[in-house]
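Work through the exercises below with the sequence and the structure at hand. Each task is followed by a solution in steps.

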Amino acid sequence: MNWRTGAAAVAVLMSMACGGAAQKKTSAETSQGGRVIALTDSALMQGVVDTIGFGRMSSGEMAVKEVWLENRTSRPLVISQLKRNCGCVTMDYESRPVLRGERFKLQVTFDSRGEWGWQLKVADVCFAGFERTLRLYVDADIR
């Protein structure tokens, strides 16, 4: 089993253990470059899970990935809180309500300083009015 297959297996097991029920993964690549994660009412009621792979990195390197979030809910979306299990992952976004049908960019940065080996981090994006989150597993192989 390679490290990517192992990461996927760990992510599935962690999402089932943390959420009780299996959570939906609703993403696709865009022509703009980057992934689009569709956020619907039902998906946010169940919880949305996706993985951002940073691949191989050198210790001390910082890398940035852009993810587009698309509001397919019945109402405007507002990010109310960001939660992370490690300070090495940061997320930047434009702080404003996102109307139905709009996309907005979430910039995820991984700072590998002080990290070694395969890393799996968890970042939750919480939305006002929804109990469940967008859970992002961030993985990297630090050499």
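Buried means under 20% relative accessible area. The model used here is predicted.

**Exercise 1.** Decide whether Cys88 and Cys126 are buried or exposed, and find how many disulfides the structure holds.

*Solution.*
Step 1. The relative accessible area of Cys126 is 9%. This is under the 20% cut-off, so Cys126 is buried.
Step 2. Cys88 has a relative accessibility of 8%, so Cys88 counts as buried too.
Step 3. A disulfide is a covalent bond between the sulfur atoms of two cysteines. Searching the whole structure gives zero disulfides.

**Exercise 2.** Describe the largest nonpolar core and name the residues that touch the most other members.

*Solution.*
Step 1. The core has 31 residues. Phe54, Leu69, Phe110 and Phe127 touch the most other members.
Step 2. Elements giving two or more residues to this core include α2 (41–46), β4 (62–71), β7 (103–111) and β8 (117–127). The element that gives the most is β9, with five residues.
Step 3. Take Phe127 and set aside its neighbours within four places in sequence. Among the residues in contact with Phe127 are Leu39, Leu44, Leu69, Phe104 and Leu134.
Step 4. In soluble globular proteins, nonpolar side chains tend to be buried together.

**Exercise 3.** Which way do β2 and β4 run, and which way do β4 and β7 run?

*Solution.*
Step 1. β2 and β4 run parallel and are joined by five bridges. Within this pairing, Leu39 has Asn71 of β4 as its bridge partner.
Step 2. β4 and β7 run antiparallel, with nine bridges between them. Here Val64 is opposite Thr109 in β7.

Definitions and conventions
Residues numbered from 1 in each chain as written. Predicted model: local features only at pLDDT ≥ 70, side-chain atom pairs only at ≥ 80, totals over all residues. Heavy atoms only, no water. Core = buried A, V, L, I, M, F, W, Y, C linked by side-chain atoms within 4.5 Å. Buried < 20%, exposed > 50% of the residue type's maximum accessible area, 1.4 Å probe, protein only. Helix = DSSP H or I, 4+ residues; strand = E, 2+ residues; numbered from the N terminus. Contact = heavy atoms within 4.5 Å. Pairing = 2+ DSSP bridges. Disulfide = S-S within 2.5 Å.
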